[in-house]
Amino acid sequence: HEAFYAALGRYFIGERSVALRSAQNRTAAEFVSAGKLQILQADGRHASQVREAMQEVVGDGQLVLGIVLSNELLDEFDPVRLRLVWHKGHPPTKGQCMECKAFREAHVLHSVDASALAALLRSATASP
(Lines give C-alpha, C1' and ligand atoms only; values in the text may rest on other atoms or scores of the structure.)
Protein backbone atom coordinates (compact mmCIF):
# COMPACT_ATOMS: atom_id res chain seq x y z
CA HIS A 1 0.00 0.00 0.00
CA GLU A 2 2.99 2.25 -0.51
CA ALA A 3 1.35 4.17 -3.37
CA PHE A 4 -1.71 4.92 -1.24
CA TYR A 5 0.48 6.08 1.66
CA ALA A 6 2.54 8.29 -0.64
CA ALA A 7 -0.61 9.84 -2.14
CA LEU A 8 -2.17 10.47 1.26
CA GLY A 9 -1.93 14.14 2.05
CA ARG A 10 -3.15 14.19 5.65
CA TYR A 11 -5.46 12.11 7.79
CA PHE A 12 -7.35 13.83 10.60
CA ILE A 13 -8.92 12.29 13.67
CA GLY A 14 -11.32 14.45 15.65
CA GLU A 15 -11.64 13.14 19.21
CA ARG A 16 -13.07 14.84 22.27
CA SER A 17 -11.56 12.47 24.86
CA VAL A 18 -8.13 13.52 26.15
CA ALA A 19 -7.32 9.91 27.04
CA LEU A 20 -8.24 8.61 23.58
CA ARG A 21 -6.29 11.39 21.84
CA SER A 22 -3.26 10.48 23.92
CA ALA A 23 -3.64 6.77 23.12
CA GLN A 24 -4.07 7.52 19.41
CA ASN A 25 -0.95 9.70 19.43
CA ARG A 26 1.07 6.87 21.02
CA THR A 27 -0.36 4.16 18.77
CA ALA A 28 0.12 6.14 15.56
CA ALA A 29 3.28 8.06 16.54
CA GLU A 30 5.03 7.07 13.30
CA PHE A 31 2.29 8.65 11.17
CA VAL A 32 2.01 11.73 13.38
CA SER A 33 5.77 12.39 13.18
CA ALA A 34 5.71 11.86 9.39
CA GLY A 35 3.05 14.56 9.08
CA LYS A 36 0.46 12.15 7.70
CA LEU A 37 -1.82 12.17 10.76
CA GLN A 38 -3.15 14.96 12.93
CA ILE A 39 -5.26 14.21 16.00
CA LEU A 40 -7.49 17.12 16.96
CA GLN A 41 -9.61 18.00 19.94
CA ALA A 42 -13.05 17.96 18.31
CA ASP A 43 -16.44 16.32 18.34
CA GLY A 44 -19.71 16.64 16.47
CA ARG A 45 -20.66 19.77 18.37
CA HIS A 46 -17.54 21.55 17.07
CA ALA A 47 -16.89 19.86 13.72
CA SER A 48 -15.77 23.17 12.21
CA GLN A 49 -12.46 22.75 14.10
CA VAL A 50 -11.60 19.84 11.82
CA ARG A 51 -12.50 21.87 8.74
CA GLU A 52 -10.30 24.74 9.95
CA ALA A 53 -7.35 22.38 10.39
CA MET A 54 -7.91 20.97 6.91
CA GLN A 55 -8.00 24.50 5.45
CA GLU A 56 -4.64 25.22 7.09
CA VAL A 57 -3.15 22.25 5.21
CA VAL A 58 -4.54 23.08 1.76
CA GLY A 59 -4.54 26.87 2.12
CA ASP A 60 -7.29 29.42 2.57
CA GLY A 61 -9.94 29.35 -0.12
CA GLN A 62 -8.69 26.09 -1.63
CA LEU A 63 -10.96 23.07 -2.00
CA VAL A 64 -10.46 20.17 0.38
CA LEU A 65 -10.57 16.97 -1.64
CA GLY A 66 -10.86 13.67 0.15
CA ILE A 67 -12.99 11.18 1.97
CA VAL A 68 -14.73 11.70 5.30
CA LEU A 69 -15.09 8.63 7.50
CA SER A 70 -17.24 9.16 10.54
CA ASN A 71 -18.82 6.55 12.75
CA GLU A 72 -20.82 9.11 14.69
CA LEU A 73 -22.16 10.75 11.53
CA LEU A 74 -23.52 7.43 10.28
CA ASP A 75 -25.06 6.78 13.69
CA GLU A 76 -27.01 10.04 13.32
CA PHE A 77 -28.78 8.53 10.28
CA ASP A 78 -30.45 6.23 12.82
CA PRO A 79 -29.30 2.72 11.79
CA VAL A 80 -29.62 1.74 15.42
CA ARG A 81 -31.82 -1.00 16.77
CA LEU A 82 -32.93 -0.33 20.32
CA ARG A 83 -33.60 -2.86 23.03
CA LEU A 84 -36.22 -2.33 25.72
CA VAL A 85 -36.07 -4.73 28.67
CA TRP A 86 -38.65 -5.27 31.42
CA HIS A 87 -39.40 -7.77 34.16
CA LYS A 88 -41.35 -10.84 33.00
CA GLY A 89 -45.06 -10.24 33.24
CA HIS A 90 -44.70 -6.47 33.75
CA PRO A 91 -44.36 -4.85 30.32
CA PRO A 92 -44.20 -1.06 30.28
CA THR A 93 -47.09 1.03 29.05
CA LYS A 94 -46.84 3.03 25.83
CA GLY A 95 -46.45 6.19 27.91
CA GLN A 96 -43.59 4.71 29.94
CA CYS A 97 -41.85 3.73 26.69
CA MET A 98 -42.23 7.25 25.31
CA GLU A 99 -40.82 8.79 28.51
CA CYS A 100 -37.93 6.34 28.87
CA LYS A 101 -34.50 7.99 28.68
CA ALA A 102 -32.53 4.77 29.17
CA PHE A 103 -32.68 3.17 25.72
CA ARG A 104 -29.36 1.58 24.83
CA GLU A 105 -27.79 0.83 21.51
CA ALA A 106 -27.95 -2.92 20.95
CA HIS A 107 -26.07 -3.26 17.67
CA VAL A 108 -24.74 -1.02 14.93
CA LEU A 109 -23.09 -2.40 11.82
CA HIS A 110 -21.83 -0.38 8.88
CA SER A 111 -20.18 -2.22 6.04
CA VAL A 112 -18.61 -1.37 2.71
CA ASP A 113 -18.16 -3.95 -0.02
CA ALA A 114 -14.39 -4.44 -0.46
CA SER A 115 -14.57 -4.44 -4.26
CA ALA A 116 -16.63 -1.21 -4.26
CA LEU A 117 -14.09 0.44 -1.96
CA ALA A 118 -11.20 -0.75 -4.14
CA ALA A 119 -12.93 0.63 -7.26
CA LEU A 120 -13.47 3.96 -5.50
CA LEU A 121 -9.80 4.16 -4.54
CA ARG A 122 -8.69 3.23 -8.07
CA SER A 123 -10.88 5.95 -9.58
CA ALA A 124 -9.55 8.52 -7.10
CA THR A 125 -5.93 7.78 -7.99
CA ALA A 126 -6.69 7.75 -11.74
CA SER A 127 -8.17 11.27 -11.67
CA PRO A 128 -5.86 14.18 -12.63
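Q: Is K36 buried, partly exposed or exposed?
A: The cut-offs are under 20% relative accessible area for buried, over 50% for exposed and partly exposed in between, using a 1.4 Å probe and protein chains only. K36 has a relative accessible area of 14%. That value is under 20%, so K36 counts as buried.

Q: Before we go on, what kind of model is this?
A: Residues are numbered from 1 along each chain as its sequence is written, and side-chain values use heavy atoms, with hydrogens and water left out. Local features need pLDDT of at least 70, side-chain atom pairs count only at pLDDT 80 or more, and totals for chains, interfaces and linings use all residues, since the model is predicted.

Q: Over the face of which residue does K36 lie?
A: For a charge to sit over a ring, NZ of Lys or CZ of Arg has to be within 6 Å of the ring centre and within 35 degrees of the ring normal. K36 lies 5.1 Å from the ring centre, and the ring belongs to Y5.

Q: How far apart in space are K36 and Y11, C-alpha to C-alpha?
A: Along the sequence, K36 and Y11 are 25 residues apart. In space, their C-alpha atoms are separated by 5.9 Å.

Q: What about the whole chain: in what order do the elements run?
A: The protein has 7 helices and 4 strands. Read from the N terminus on, the order is α-β-α-α-β-α-α-β-α-β-α.

Q: What share of the contacts with a separation of 6 or more joins residues 24 or more positions apart?
A: The protein has 128 residues, and 10% of them count as buried. Among contacts with a separation of 6 or more, the share from residues 24 or more positions apart is 58%.

Q: Which residues does M54 touch, not counting residues up to four places away in sequence?
A: M54 is in helix α4. Its relative accessibility is 22%, so M54 counts as partly exposed. Beyond four places in sequence, M54 touches F12 and V64.

Q: Is R51 buried or exposed?
A: R51 is in helix α4 (residues 48-58). With a relative accessible area of 54%, R51 is exposed.

Q: Which helix gives the most to the nonpolar patch?
A: The patch on the surface is formed by F4, Y11, I67, L69, L117, L120 and L121. L121 lies in helix α7, and at 31% relative accessibility L121 counts as partly exposed. The top contributor, with 3 residues, is helix α7.

Definitions and conventions: Helices (H or I, at least four residues) and strands (E, at least two) are DSSP runs, numbered from the N terminus. Contact means heavy atoms within 4.5 Å. Patches are made of residues with over 30% relative accessible area and no salt bridge: like charges are joined within 9 Å, nonpolar side chains (Val, Leu, Ile, Met, Phe, Trp, Tyr) within 5 Å. Accessible areas come from the Shrake-Rupley method with a 1.4 Å probe; for residues, only the protein chains shown count as cover. A salt bridge is a side-chain nitrogen of Lys or Arg within 4 Å of a carboxyl oxygen of Asp or Glu.
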